[in-house]
Amino acid sequence: MSGGKIMILRINSDNPQVRLLRQVMEVLTGGGFIGYPTDTGYALGCDLYNLKGISKLYQIKRRPLSKPFSFICANLKN
């Protein structure tokens, strides 16, 4: 990734630090990505409303635009 920087943040899920959550939000709103653990491995995510980030994700994954991605939300209201 040219021009991108990699940060590794460990966020406590029981007591998350607001400062770290703000850093993550800055990355996402800026069109960046996060890697996060799942029950089967790690996933790559971006801001669902950031077209720049979604476009980059398609490029990185070499995924055809006709094949949509899954998204995660807290509940159906989201």
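**Exercise 1.** In this predicted model, find the buried residues of helix H1 and work out which side of the helix they sit on.

*Solution.* 
- Step 1: Pick out the buried residues of H1, which are Leu-20, Val-24 and Leu-28.
- Step 2: Look at their directions around the axis. They span an arc of only 80 degrees, so they share the same side of H1.
- Step 3: Now turn to the other side of H1, where Arg-19, Arg-22 and Glu-26 are exposed.
- Step 4: See what lies over the buried residues. The cover includes strand E1 (34-37) and E2.

**Exercise 2.** Check how the span of H1 compares with the expected one, then see what follows the helix.

*Solution.* 
- Step 1: H1 runs over residues 18-29, which makes 12 residues.
- Step 2: From first C-alpha to last, H1 reaches 16 Å, close to the 16 Å expected at 1.5 Å a residue.

**Exercise 3.** Decide whether Tyr-58 and Leu-48 are buried, partly exposed or exposed.

*Solution.* 
- Step 1: Locate them. Tyr-58 is in helix H2, while Leu-48 is in the loop between strand E2 (42-45) and helix H2 (51-61).
- Step 2: Tyr-58 has a relative accessible area of 13%. Buried means under 20%, so Tyr-58 is buried.
- Step 3: Leu-48 has 45% relative accessibility, so it counts as partly exposed.
- Step 4: Tyr-58 touches residues including Arg-63, Pro-64 and Phe-69.

Methods: Residues numbered from 1 in each chain as written. Predicted model: local features only at pLDDT ≥ 70, side-chain atom pairs only at ≥ 80, totals over all residues. Heavy atoms only, no water. Helix = DSSP H or I, 4+ residues; strand = E, 2+ residues; numbered from the N terminus. Buried < 20%, exposed > 50% of the residue type's maximum accessible area, 1.4 Å probe, protein only. Expected span 1.5 Å × (residues − 1). Arc of directions from axis to C-beta. Contact = heavy atoms within 4.5 Å. Lists of a residue's contacts leave out its neighbours within four places in sequence.
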